[in-house]
Amino acid sequence: MNNFTPATRAARLLRAALFFSAAALLPSAAGALPFWMRLPEQASTYAPDIDNMFHLIMWITGVIFVIVELMLVFFLWRYRHREGRTAHYTHGNNRLEVVWTIVPALICVMLALLSRRIWDQIKENMPHEGLEIHVTGEQFAWNIRYAGPDGKFDTADDILTLNQIHFPVGKPVIVTLTSKDVIHSFFLPEFRVKQDAVPGMHTRIWFEGNEVGHWEIACAELCGLGHFRMKGFVTVDTPEDFQKWLAEQAATQTPEPPKAASKTIESAPAAAPAAQTAASDAKVAEKGGSS
Amino acid sequence: MSTVAKPREVHHAAVHAAPTSFWRKYIFSLDHKVIGKQYLFYALFMLIIGGLLATLVRYQLAWPGRPLAFMGKIAPEGMPGGQMLPEYYNSLFTMHATIMIFFAIMPILIGAFGNFVVPIQIGARDMAFPKLNMMSFWVAVPGAIVIIWSFFVTGGAAAGGWTSYAPLSAIQPRGQTLWLISLLILGLSSLLTAVNFLTTIINMRAPGMGFFRLPLTTWALFITALLLLLALPVLSAALIMLLFDRTLGTTFFLPAGLIVSGQPWPNAGGGQVLLWQHLFWFFGHPEVYIMILPAMGITSEILPVFSRKPIFGYRAMAYSMLGIAGLGFIVWGHHMFQSGMNPLLGTTFMISTMVIAVPSAIKTFNWLGTLWGGDIHFTTPMLNALSFVAMFVIGGLSGVFMASTPVDIFIHDTYFIVGHIHYVLFGGSLFGAFAGLYFWYPKMFGRMMNERWGKIHWFITFVTFNLVFFPMHFLGMRGMPRRIYDYTQYTHLKGLQPMNQFMTISLFVLGAGQLILVFNFFLSMRRGKVAGPNPWRSNTLEWQTSSPPPHENFVGRIPTVYRGPYEYSVPGHGSDFLPQNEAGGPAPARSHG
């Protein structure tokens, strides 16, 4: 899944630690827990890495939580006021202070180091090759742009869609995000992808779909009164279907205004055609949501 | 570092005489005790407003779009015919957070308890600058008036979230300008308070009251004042810059080429969007500690009293608060992991954020150590302080999830974050405030609050709080974004409606339970049992004077301090407490035994 970083010893250790935590959570994977106690399905190659880290932290903090709260309740019961009881007179214990400073510090540093590897893989090490897509947020829609046959952006043969992003399975996708007006956030829950789309900035992220299907794009950063309906759709196709879809889109493109204008003032789509949205909704729903 | 305060007589001569007229005694009072009570009423009033706003938010989340007929009359523009509009919803959660943070939690912890308790605890006759103190309060009042007024201007109140991220906050209707003005006013008030606390605690401690004999409440407020002093000017600068962007045509936060609704925005160019976030969170993260440190101090005060046992690790408690304060200034970037900030910078902020969990862990273990071997009395203040410990553990541990940069990719801006902050600010700060209220009420009003009703109020609050806020973690795990008017738009979130309804119904019970506190609070002023000077058999100086304390706090000479604040159950001493100002008694104990 990650073919561009060498597997070092530390990486192997990390894998082992994450594997352990994932294994410990097998019951949930088997569906023993109700849907709301589980993370959504994993539709991208790095989703399992993020989820394993989540579960590792859940196990560590969960154990600490249970120990601390049980101690609290036990002390409250054991040392409750009784007739004739006298409190033990002590001001503390320096050795204990040292222990409970160092142990949490070690756990936290370990979690930081483990997190760093995954973070670097997701945010720092961009794949050298992949499908380039430009996504521009605006109140309240996602403008999706493909380079078209010439492989270059901002040319006449660019392919533009509204709120519909398609890409082929098994190939990295590199998205360049920006915004026309306010901050939006490009959130694909099942892909564990979230990145703010910031006006004046171009942020590059990557992900790779690992199965064919339909999902939703949510806006995760408050962007105004229509924030809640700034919804888009993700379709992961087989490579053949993707080429077919791209060709269909190319055929239906309306010619763009001259280049000079398109740089600054892009045509402002008010909303996606209602029929198209309804059809996409039906596809996502048909898949059984995302449980 | 056992600094002995300056001779008392110099200061004593400068103190004002007791006022006699109604206006000088109750309204424009210079007495820190009256000002503390004024802040208390102010904060409780705003707490009710903030809570009502939250109820409307949760109503919409439980039954999206279902009309509320009576709201059609109260807010005809935001809820025509009782049907909530999306922009009104955005105003509701923006104002809920703003009011709770700046107008309820901060005034009750710092303005009310800080003002009332600190001068007496350190053995001073008043704050260092009584007129400045009065000004702090009377500057905070127009702040509240402006923020409430903003609901009634065209376009409604601010709707950009309490974080007011630019450029959205730069292009919002007029309510946003009032939001900025209100927080600028309030910032001035808090800055004056911070200067006053610092001066008072440094210069006006009673003879013998060294820094390491200060009660931990005073320690916490000392550090809180430091944080306010250093963080607030940065917020004020950012607020002024945004105000200029909105009104004078500057472009601090507005980059070139902004197109709003298809039209180029008139004043755009050269600005940096993320600059706002850096400035806001440079203030905003210390702000989180500004709201939790006083509650930590109150808890550290109450646990020893009702365990009849010295606090475990007094110095560790003080140093860990200093550690939190210092580290609190280098973790702000963890709010910006997904903002487009350089990912390498994200890694450094992750490490500092993981490290700041350590002092909180130290405090938790020391609270447990205080309970261990104690003689524990379950009074209402104690139950609330224990709830603080139990709930703060959850809020602290859930913070580890978002500190981890890769995990934060998924949970950032979801309900997981909302759950986390409510475990810190309600489970933490507000339980701390309730604990302080039940604890110092007899000192403030001379009568006890009703214990039985206090316990019922605590029980309802504790149970329903968890029913409302714990499920938020599950919503976040399913990917439900925060600040969303109608999540049922999304197929993948539709199934969460029953859980949202359960949370909202729990909130109704939680809210109704607070009526018990309101009645207990007002009825006890007249009908409560007379408290006497020291109903909790406590050691600190505020309990060694009458309830309520006289003008200038102590009759006759200022007390002399002989020992630390938590000498409970000292072997060989007749009773299980030994006040700080009691001469003689067993030899002063070492700090660690």
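Guide: Let us begin with one residue, and please keep in mind that this is a predicted model. Ile101(B) has 20 C-beta neighbours inside 10 Å, and it therefore counts as buried.

Visitor: Where is Ile101(B) found?

Guide: Ile101(B) is found in helix α5 of chain B.

Visitor: And what does Ile101(B) touch, leaving out residues up to four places away in sequence?

Guide: With those left out, Ile101(B) touches Met106(B), Trp162(B) and Met291(B).

Visitor: OK, on to the largest nonpolar core: which residues touch the most other members?

Guide: Ile105(B) and Met321(B) do, in a core that has 265 residues. Helix α5 of chain B, residues 86-121, gives the largest share of this core, with 23 residues.

Visitor: Why does this core lie between domain 1 and domain 2 of chain A?

Guide: The core lies between them because domain 1 (9-124) and domain 2 (131-286) of chain A both give residues to it.

Visitor: You mentioned Met321(B); what does that one touch?

Guide: Not counting residues up to four places away in sequence, Met321(B) touches Trp219(B), Ala220(B), Ile223(B), Leu293(B) and Met296(B).

Visitor: How do the axes of helix α10 and helix α11 of chain B cross?

Guide: The axes of helix α10 (residues 273-307) and helix α11 (residues 314-327) of chain B come within 11 Å and cross at roughly 175°. An angle over 145 degrees counts as roughly antiparallel, and α10(B) and α11(B) are therefore roughly antiparallel to each other.

Visitor: What is in the loop between α10 and α11 of chain B?

Guide: One residue to look at there is Arg308(B), which has its place in that loop. The phi of Arg308(B) is near 55°, a positive value in a residue other than glycine, and with 22 C-beta neighbours inside 10 Å Arg308(B) counts as buried. As background, most residues other than glycine have a negative phi.

Visitor: And Asp413(B), what is its phi near?

Guide: The phi of Asp413(B) is near 60°, again a positive value in a residue other than glycine. Asp413(B) has its place in the loop between α14 and α15 (415-445) of chain B, and since there are 23 C-beta neighbours inside 10 Å, Asp413(B) counts as buried.

Visitor: Changing topic, which residues does a cis peptide bond join in chain A?

Guide: A cis peptide bond joins Gln139(A) and Phe140(A), with omega at about 0°, and Phe140(A) has its place in the loop between β1 (131-138) and β2 (141-146) of chain A. In chain B, the peptide bond from Ser547(B) to Pro548(B) is cis, with omega near -10°, and Pro548(B) is in the segment after α18 (497-527) of chain B.

Visitor: Let's stay with chain A for a moment: how many helices and strands does it have?

Guide: Chain A has seven helices and 10 strands, and of its 291 residues, 38% count as buried. The chain is divided into domain 1 (9-124) and domain 2 (131-286), and the contact takes eight residues from domain 1 and 12 residues from domain 2. The side of domain 1 that touches domain 2 has, by class, five nonpolar, two polar and one charged residues.

Methods:
Residues are numbered from 1 along each chain as its sequence is written. Chains are lettered from A and ligands numbered from 1 in the order in which they are written. This is a predicted model: local features need pLDDT of at least 70, side-chain atom pairs count only at pLDDT 80 or more; totals for chains, interfaces and linings use all residues. A nonpolar core is a set of buried Ala, Val, Leu, Ile, Met, Phe, Trp, Tyr and Cys residues joined through C-beta atoms within 7 Å. A residue is buried if 20 or more other C-beta atoms lie within 10 Å of its own, exposed if 12 or fewer, and partly exposed in between; C-beta atoms are placed from the backbone. Helices (H or I, at least four residues) and strands (E, at least two) are DSSP runs, numbered from the N terminus. Domain bounds come from an automatic or database domain assignment. Two residues are in contact if their C-beta atoms, placed from the backbone, lie within 7 Å. Axes are lines fitted to C-alpha atoms, for helices over the stretch in contact, and angles run from 0 to 180 degrees between N-to-C directions. Angles under 35 degrees count as roughly parallel, over 145 as roughly antiparallel, 65 to 115 as roughly perpendicular and the rest as oblique. Ala, Val, Leu, Ile, Met, Phe, Trp, Tyr, Cys and Pro count as nonpolar, Asp, Glu, Lys and Arg as charged, and the others, Gly among them, as polar.
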